[in-house]
Protein chains: 2
Amino acid sequence: MTEIELSTEEKILKAAEEVFMRDGYDGSRMQDIADVAGINKALLHYYFRSKDKLFEKVFDAKIQSFFPKMGEKFSQDIPFVDKIHIFIEGYMDLLLKNPYLPLFVLNTVNNKDKSAFIKKLPIELSRQVAQSYYVEFKKGNVRELNPAQFIMSLMGMCIFPFLAKPILLDMFKADNDTFDKLMEERIQELKHYVTLILTP
Amino acid sequence: MTEIELSTEEKILKAAEEVFMRDGYDGSRMQDIADVAGINKALLHYYFRSKDKLFEKVFDAKIQSFFPKMGEKFSQDIPFVDKIHIFIEGYMDLLLKNPYLPLFVLNTVNNKDKSAFIKKLPIELSRQVAQSYYVEFKKGNVRELNPAQFIMSLMGMCIFPFLAKPILLDMFKADNDTFDKLMEERIQELKHYVTLILTP
DNA sequence: GTCTATATAAGGATAGAC
DNA sequence: GTCTATCCTTATATAGAC
């Protein structure tokens with residue numbers, strides 16, 4: 001364990017991330033964040049002025065990863081199916097490390113006071129996938145489908161278990177480790193599914 | 001339009017459903033519910049005592065549909081793939097009529113004060129699908145896969161666009177009608193996907 | 001049953017001492 | 001920079017008149 005002492009600002013950001021990600025904006029309390037950070041509530045305002053501003057900082061930091069940047073990956077000269085396989089591995093890996101990310105993001109964009117944050121989402125991903133798909137489709141290497149629908153399916157398949165995690169833990173009487181193992185297994189399963197869907 | 005006057009209790013429940021579904025428990029205000037119902041805030045407490053009790057009433061009423069009861073459908077003697085097709089049609093239809101349902105349910109089960117509500121979910125669906133799958137698998141009519149993983153994929157594919165609706169509307173510069181058309185189209189696309197996944 | 005007025009509590013934000 | 005104490009707004013809940 002690294003025992004490097006974090007600055008107060010860093011401690012606050014770390015605590016805010018934990019609380020906001022878990023409880024959402026409306027469900028979070030400044031007092032909870034202060035408690036987790038191990039400091040006083042007044043200091044939160046000293047550093048970040050308001051709950052809104054602190055939330056925005058956390059959102060900005062986390063949001064980049066939700067729609068991962070696949071720039072380099074998608075410009076490689078490899079089959080489309082392989083690109084999707086790489087996406088699945090990378091994205092599921094990210095979700096295993098940030099299990100609250102999907103609910104956090106989807107909650108925020110659906111929040112009546114936070115809908116402006118939609119503009120912050122880096123949504124190049126869908127354009128990259130679509131473009132990459134059409135190149136490959138013209139070569140006849142991939143089945144005909146609607147890439148927009150395909151991306152929604154892909155993301156939905158990856159994300160759903162993390163959104164429904166409390167239900168799944170209850171259903172399977174499982175703990176976090178069992179869940180993670182199920183997700184590791186899921187990576188292979190999803191790769192198989194998309195291969196079946198994409199292969200002509 | 002039917003002009004039948006609702007009872008006060010019914011008006012409250014209708015308004016509470018609208019507000020809770022849209023804004024979630026933490027994001028909802030009793031005042032908003034009273035305004036939508038067109039009555040006074042004090043009446044909410046007269047009829048339902050507390051915000052918690054009112055929320056529970058709404059949750060109980062809505063929850064049945066999230067994991068639809070497919071009892072009759074799944075006991076029919078038809079191919080497994082056809083059962084899944086019927087599920088997709090029925091579920092997407094339900095979601096088109098209740099676009100907030102997925103976020104509402106997933107938000108609630110992830111809420112730190114509402115996790116007990118998980119017990120209320122009618123989760124027979126997954127058992128029915130798994131059982132139905134194995135019968136068909138033994139006959140060699142369906143590809144080998146993990147039914148639990150398959151159900152998660154199926155639900156994820158159906159639900160995702162409704163969770164991400166504000167993002168999609170922004171991306172495609174679309175309105176509600178366009179979104180609904182995209183979902184109608186999606187029914188066919190998803191039926192195609194599951195056929196490819198399930199057919200040996 | 002329905003309303004107005006008010007009590008009570010929670011939570012975000014600030015003042016001021018150190 | 002960090003704390004304690006306090007302010008002020010918002011929101012749930014209740015009292016009491018009609």
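Buried means under 20% relative accessible area, exposed means over 50%, and partly exposed lies in between, with a 1.4 Å probe and protein chains only. By that scale B:K112 is partly exposed, because its relative accessible area is 43%. This is a predicted model: local features need pLDDT of at least 70, side-chain atom pairs count only at pLDDT 80 or more, and totals for chains, interfaces and linings use all residues. Residues are numbered from 1 along each chain as its sequence is written, chains are lettered from A and ligands numbered from 1 in the order written, and side-chain values use heavy atoms, without hydrogens or water.

**Chain A overall**

- Chain A has 11 helices and zero strands; helices are DSSP runs of H or I with at least four residues, strands are runs of E with at least two, and numbering starts at the N terminus.
- The C-alpha trace of chain A spans about 60 × 40 × 35 Å along its principal axes.
- Of the 200 residues in chain A, 52% are buried.
- Take contacts in chain A between residues at least 6 apart in sequence: 68% of them join residues at least 24 apart. Contact means heavy atoms within 4.5 Å.
- Chain A exposes about 9700 Å², and carbon and sulfur atoms supply 52% of that area. Accessible areas come from the Shrake-Rupley method with a 1.4 Å probe; for residues, only the protein chains shown count as cover.

**Charge and surface patches**

- Chain A carries 27 positive and 29 negative side chains, and the centres of the two sets lie 5 Å apart.
- Lys and Arg count as positive, Asp and Glu as negative; His and the chain ends are not counted. Each charge is placed at NZ of Lys, CZ of Arg, CG of Asp or CD of Glu.
- A positive surface patch gathers A:R29, A:K112, B:R29 and B:K112. Patch residues have over 30% relative accessible area and no salt bridge, with like charges joined within 9 Å. A salt bridge is a side-chain nitrogen of Lys or Arg within 4 Å of a carboxyl oxygen of Asp or Glu.
- B:K112 sits in the loop between α7 (101-110) and α8 (124-138) of chain B.
- A:D175, A:D177, A:D180 and A:E184 form a negative surface patch.
- A:E184 belongs to helix α11 (residues 176-198) of chain A. A:E184 counts as partly exposed because its relative accessibility is 44%.

**A:P166**

- A:P166 lies in helix α10 (residues 165-171) of chain A.
- A:P166 counts as buried because its relative accessibility is 18%.
- Neighbours within four places in sequence aside, A:P166 is in contact with B:V109, B:N110 and B:I118.
- A:P166 and A:L196 are 30 residues apart along the chain, and their C-alpha atoms are separated by 30 Å.

Note on methods:
Patch = residues over 30% accessible without salt bridge, like charges linked within 9 Å, V, L, I, M, F, W, Y side chains within 5 Å.
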